[in-house]
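Good morning. I have one structure to go through today, and I will keep it short. Please have a look at it first.

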Number of protein chains: 2
Amino acid sequence: MTLKKAISGTNLEQAKSHNRRVVIEAIRTNGALSRAAIARLTALSSQTISNIVEELEEAGLLRPEATLKGARGQPAVPYSINPDGGYSIGLQLDHQLAVGVVSDLSGTMRARIERNVDRPTPAEAMPLLAAICDDLIANCRLDRKKLLGIGMAMPGPFGVEGMTSVGPTALPGWQGFPVADELERLTGIAVTVENDATAAAIGERLYGVARNLGSFVYLFIGTGLGAGLFLDGHLYKGSRHNAGEIGHIIVRPGGLACGCGKRGCLERYVSLRAAYDKLDLPDPDHASPALLEELLADGDSRFEAWLAEAVEPLRQAIDILEMALDPETVVLGGFMPLPVIEALAGRLEPLHLSVSSTSARTTPRVLVGAAGKDTSVLGAAALPIFSETNPQFDVLQKPVA
Amino acid sequence: MTLKKAISGTNLEQAKSHNRRVVIEAIRTNGALSRAAIARLTALSSQTISNIVEELEEAGLLRPEATLKGARGQPAVPYSINPDGGYSIGLQLDHQLAVGVVSDLSGTMRARIERNVDRPTPAEAMPLLAAICDDLIANCRLDRKKLLGIGMAMPGPFGVEGMTSVGPTALPGWQGFPVADELERLTGIAVTVENDATAAAIGERLYGVARNLGSFVYLFIGTGLGAGLFLDGHLYKGSRHNAGEIGHIIVRPGGLACGCGKRGCLERYVSLRAAYDKLDLPDPDHASPALLEELLADGDSRFEAWLAEAVEPLRQAIDILEMALDPETVVLGGFMPLPVIEALAGRLEPLHLSVSSTSARTTPRVLVGAAGKDTSVLGAAALPIFSETNPQFDVLQKPVA
DNA sequence: TCAGAAACTCAAGTTGATTTAATTATACGG
DNA sequence: CCGTATAATTAAATCAACTTGAGTTTCTGA
């Protein structure tokens with residue numbers, strides 16, 4: 001009889017690692033903090049915090065700021081994240097664009113490269129992505145020792161027969177392709193891959209409007225549509241890494257046929273592709289989001305018709321997410337141009353009655369993402385950093401041999 | 001400026017508490033285990049496990065079984081949960097029934113009391129529930145010292161204006177009523193309250209088909225409909241304690257009007273109340289689930305018609321849950337009689353294409369709950385136990401003063 | 001019968017947080 | 001301008017819980 005793996009125990013070493021992360025997270029969400037303030041926030045003793053901060057400063061992750069005078073007592077020395085403490089590369093691959101950025105520890109973009117692609121297969125994309133990485137490293141003269149890793153965002157779902165590589169919103173030929181392994185082989189740098197919605201959720205959580213939230217949903221409107229789920233302070237990825245793939249939930253039974261074989265899928269109504277299709281473009285595979293922004297500005301009647309039709313399915317999706325997950329808020333973003341997202345958001349009220357409809361709330365039910373079009377590539381860049389700094393309770397568990 | 005509360009640090013004390021829970025959880029999911037086996041499973045040293053087990057045996061939570069001979073080496077002494085290590089009371093309140101049970105540490109029901117109610121208000125229900133507790137304690141001659149607490153399950157959502165006390169599937173007058181506080185005042189025992197779906201999910205996770213799962217969704221079909229979410233080894237309750245309230249998600253835009261004001265809500269199609277309504281009963285407020293079981297056995301044509309109509313919305317709900325949460329499986333259960341649930345489950349195939357449609361899966365996409373009609377009241381009884389034994393990483397965090 | 005194996009125990013060792021008591025640097029009140 | 005209250009920080013000693021390594025026990029199998 002084989003025993004089911006159990007949740008493993010913990011020890012001082014794991015606890016230490018947890019506390020290091022907690023300190024970084026406290027500074028990240030609050031900005032520069034004195035050691036005494038960190039001690040109060042984390043319920044750890046000031047001595048412990050002093051030891052941890054000393055270590056982290058030594059490691060180059062934290063740096064002291066100017067002392068804060070003006071109050072009684074010995075002036076506090078605030079510490080903040082040291083931007084130069086490390087760098088990471090973020091990659092994003094989509095139907096028409098491959099983007100690569102270098103991000104420092106504070107999330108500032110230090111370099112950005114863009115390359116056009118055309119619904120690339122792995123064979124086409126992998127050398128291009130590796131070349132982008134090389135260029136970024138060369139351009140920034142990056143010290144490889146300070147390069148924490150590569151994070152990559154691309155459309156999901158992963159590994160679902162009949163869905164991953166099928167339909168106009170999917171990239172062809174990626175079914176079963178070991179993206180991370182291959183890119184790691186080509187670049188010699190550790191690679192983490194996430195779907196674009198999850199990457200965007202991380203970006204928004206680290207640098208955007210979700211900075212202080214414990215539970216939120218990021219609705220990524222791109223070529224298709226997906227959600228990134230941040231629940232109870234943790235990214236939730238699902239048992240097969242495909243949580244949040246709500247582009248293919250049925251919101252209109254018997255509605256528009258979808259590439260996945262179902263009818264009335266959400267992304268047939270709310271996505272770039274849905275808008276292109278509604279506009280009856282001659283070549284929807286090569287349309288650009290910028291076009292939608294122009295049409296919106298022009299008050300184009302067909303585009304207005306799409307907007308009007310997209311609002312109710314979007315409202316319905318928000319309703320479903322609110323009822324199912326009771327998040328603090330739903331954040332809208334993605335490749336869809338910001339003015340279009342704002343136009344959609346502006347038409348959402350009145351939202352449906354849901355468990356979010358309480359008068360006692362402080363955050364609006366729906367927020368528009370703050371970090372703009374590069375949210376997910378910055379979020380992707382944050383993947384290697386995130387894994388180093390977000391308190392992951394998994395880490396408290398000892399690795400089982 | 002007020003600082004956002006940060007995730008707090010941890011220390012030896014918290015780590016110890018975590019490890020105690022991990023040991024109990026390992027035995028609970030695997031059955032009796034020797035100390036050496038626990039050490040291997042948890043990655044803790046055998047000495048540590050010996051210390052912990054000694055403590056837990058002292059406390060009466062664990063008991064040694066007969067030594068296991070037959071292998072080389074010193075024979076192992078397996079330890080199992082001591083059923084008499086503690087007791088808890090489970091309560092469940094619904095439209096027509098109040099149930100109370102006594103459960104021992106192993107989840108065995110030691111006593112059960114049932115009382116009829118009629119859509120009770122708090123003023124009616126609270127004395128009754130307190131009386132049930134008194135009777136249970138008297139009947140079982142329970143040692144109050146070994147009574148871990150009271151867990152109560154009732155329909156959600158909680159605290160949503162226009163939803164908590166509105167409509168035929170809601171209980172009237174409970175909006176804003178402090179159930180736990182009041183019951184605690186009446187009985188003098190600590191009380192935990194959860195919605196029925198969440199309680200059922202706990203029951204199924206501790207004693208039923210979800211015993212070894214890390215992520216699953218329990219779909220509770222009762223007077224209304226709700227989901228209990230167990231994600232990544234933790235119960236997910238939502239930011240306002242209302243996650244899983246999917247009875248009111250819209251699955252048929254413009255469909256049947258619902259008490260909440262929306263149209264086409266899931267529970268208008270899949271719930272006891274939906275079946276009663278479809279059958280055009282003269283007094284649907286006082287119909288009983290047993291009636292549905294009879295009609296199913298008789299092959300009643302109107303009931304068959306309801307079944308046929310309920311299947312697609314249910315399939316759609318499963319699709320939504322799978323796509324949004326990517327659980328290992330979806331478990332069906334609730335007040336709906338088991339044969340009816342099995343009839344529904346039998347008609348679900350073919351399920352929609354989702355991220356769960358992978359050939360590599362070991363668990364079926366949909367399971368019928370194992371623990372029967374008392375799943376949620378047993379789950380409720382487990383609430384005080386669960387909070388003592390399930391490794392909750394929250395516990396690793398020091399309480400902030 | 002005895003070597004090997006596995007479970008378990010004992011006693012010291014290690015680690016990292018806590019406690020307690022200084023020490024330092026500032027504001028404020030007189 | 002000075003003394004005191006206040007708050008941050010540091011230093012040294014202490015403590016709690018896990019780990020290590022060397023036994024000890026009790027079995028199987030040759």
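Predicted model: local features only at pLDDT ≥ 70, side-chain atom pairs only at ≥ 80, totals over all residues.

Let me start with how chains A and B relate. A rotation of 180° with 0.1 Å of shift along its axis puts chain A onto chain B, and the RMSD is 0.1 Å. The two copies are thus related as by a two-fold rotation axis. Both copies use the same surface, as 100% of the contact residues of chain A recur in chain B.

Now the contact itself. On chain A, 75 residues are in contact with 75 residues of chain B. Which elements give two or more residues to chain A's side? They are helix H1 (12-30), helix H2 (35-42) and helix H9 (301-325) of chain A. H1(A) provides the largest share of that side, with nine residues. Sorted by class, the side of chain A that touches chain B has 35 nonpolar, 26 polar and 14 charged residues.

Next, DNA strand D. How many residues surround it? There are 31, and the closest are Asn11(A), Arg35(A), Gly73(A), Gln74(A) and Gln47(B). H1(B) gives the most, with five residues. By class, this surface near DNA strand D has nine nonpolar, 15 polar and seven charged residues.

That is what I have for today.

How values were computed:
Residues numbered from 1 in each chain as written. Chains lettered and ligands numbered in written order. Contact = placed C-beta atoms within 7 Å. Helix = DSSP H or I, 4+ residues; strand = E, 2+ residues; numbered from the N terminus. Nonpolar A, V, L, I, M, F, W, Y, C, P; charged D, E, K, R; others polar. Near = placed C-beta within 6 Å. Least-squares fit on C-alpha atoms with pLDDT ≥ 70 in both.
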